[in-house]
Amino acid sequence: MTPTPSIDRRTVVRQLFLGTALTLFGGGLRSQSVLASESPGNAMEGLLTLSPADFPVLLNPGGSLLLTVGLPYPIVLSRASADVFYAVSSECQHSGCVVGAYNPTLGLIRCSCHGSTYQIDGTLAGGPAERSLPRYPTSFDAQGRIQVRLPATYGFRTISLESIVGDTRRLSLVFNPTLGSTYSVQFRSDLNGPAQLIPFATTPAGSANQTSYTNNNFANPTQAVTLYVDQTTSRGFYQIVCIPAQY
Ligand code: FES
């Protein structure tokens, strides 16, 4: 993997919090992607950090996309002006359909189910919905990074720096498994790039030489599992691929 540092190295070394992105594949394969980010001020929330350069649609005002981040609904991330971004839930407040991205031609976010519309900041513009879209605090920092504060909910995990040995930073990756499911860890340097299988350890000091983990903890099947990966870049997405148990 080629290092692509865009986050201050010292900050990353101090602590990492990882956002998660949830993807559903056909055939039941489920993955959770984890974005390396800085530490948020509140341990119960996550800070999603990304660069517009990685998402060209966000390079210009009016640009917008849906981003899966581990919440039950994707977020609609939109650029309103040079330095103002909005992140809102895509859960339509009428009956729960996923709204589209902000449409600069319409000047609105629209739900195709029954036509509810919202402003770029999520404010309700037209029914039948009666409420605005939930909004997540978003900022654009001096380094040109978009930062979105997200609640720690389903699929959203934190990762902490476990140890530093020489140039190797070991991260502990925590997730809640399901009984009988098998997991592997993948990495990709950007959301749209190819994923690469990476080895992990199951103990803090163990060798990172395992490529799959099966949850056979019958006594406590949903107990959180920690896998340890050796970080080789300061930025990227860790992805846990789950092959669900067959019953
Ligand atoms: S679910 Fe969006 S308008 Fe009805």
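Two strands pair if DSSP finds at least two bridges between them, and strands here are DSSP runs marked E of at least two residues, while helices are runs marked H or I of at least four, both numbered from the N terminus.

First, what are we looking at? This is a predicted model, in which local features need pLDDT of at least 70 and side-chain atom pairs count only at pLDDT 80 or more, while totals for chains, interfaces and linings use all residues. Residues are numbered from 1 along each chain as its sequence is written, and side-chain values use heavy atoms, with hydrogens and water left out.

Let's begin with strands. Find A87 in your viewer: its bridge partner in β11 is Y136. That bridge belongs to the pairing of β6 with β11, which is antiparallel and has two bridges. On β5, β6 has another antiparallel partner, and six bridges join them. How many residues sit between β5 and β6 in their hairpin? There are two. S81 has V84 of β6 as its bridge partner.

While we are at β5, please look at R79, which sits in that strand, residues 75–81. R79 is buried, yet it has no salt bridge. Two terms need explaining there. Buried means under 20% relative accessible area, exposed means over 50%, and partly exposed is in between, using a 1.4 Å probe and protein chains only. A salt bridge is a side-chain nitrogen of Lys or Arg within 4 Å of a carboxyl oxygen of Asp or Glu.

Which side chain of opposite charge is nearest to R79? It is D83, at 7.3 Å. For charge, Lys and Arg count as positive and Asp and Glu as negative, with His and the chain ends not counted. What does the side chain of R79 reach? It comes to the backbone oxygen of A82, at 2.5 Å. R79 also touches a list of residues, leaving aside those up to four places away in sequence, and among them are P52, L58, V84, F85, I120 and F140. Touching, or contact, means heavy atoms within 4.5 Å.

Now for charges that do meet. Side chains of opposite charge can pair when their charged atoms come close. How many salt bridges does the structure hold? Two. One joins D121 and R135, where the closest N and O atoms are 3.2 Å apart. D121 is in the loop between β9 and β10, and R135 is in strand β11, so this pair ties together parts that are 14 residues apart in sequence. D121 is buried, at 17% relative accessible area, whereas R135 is partly exposed, at 45%.

The other joins R170 and D230, with the closest N and O atoms 2.8 Å apart. Here R170 in β15 and D230 in β19 are 60 residues apart, and the pair links distant parts of the chain. Is R170 buried or exposed? R170 counts as buried, with 8% relative accessibility, and D230 counts as partly exposed, with 30%. The two strands themselves pair in the antiparallel sense over seven bridges. On that pairing, V174 stands opposite T226 in β19. Of the eight residues in β15, six are buried.

Next, the cysteines. The structure holds one disulfide, meaning a pair of cysteine sulfur atoms within 2.5 Å. The partners are C97 and C113, with their sulfur atoms 2.0 Å apart. This link is left-handed, with -95 degrees about the S-S bond. C97 is partly exposed at 22%, and C113 is partly exposed at 38%. Two further cysteines to click on are C92, buried at 4%, and C111, buried at 2%.

My last stop is a peptide bond. Most peptide bonds are trans. Which kind joins G127 and P128? A cis one, with omega about 20 degrees. P128 is in the loop between β10 and β11, and P128 is partly exposed at 38%. P128 and S116 are twelve residues apart in sequence, while their C-alpha atoms are 5.6 Å apart in space. Leaving out residues up to four places away in sequence, P128 touches H94, H114 and S116.

Conventions. A polar contact is a pair of N or O atoms within 3.5 Å; within protein, one must be able to donate a hydrogen and the other to accept it, and residues adjacent in sequence count only if both atoms are side-chain atoms.
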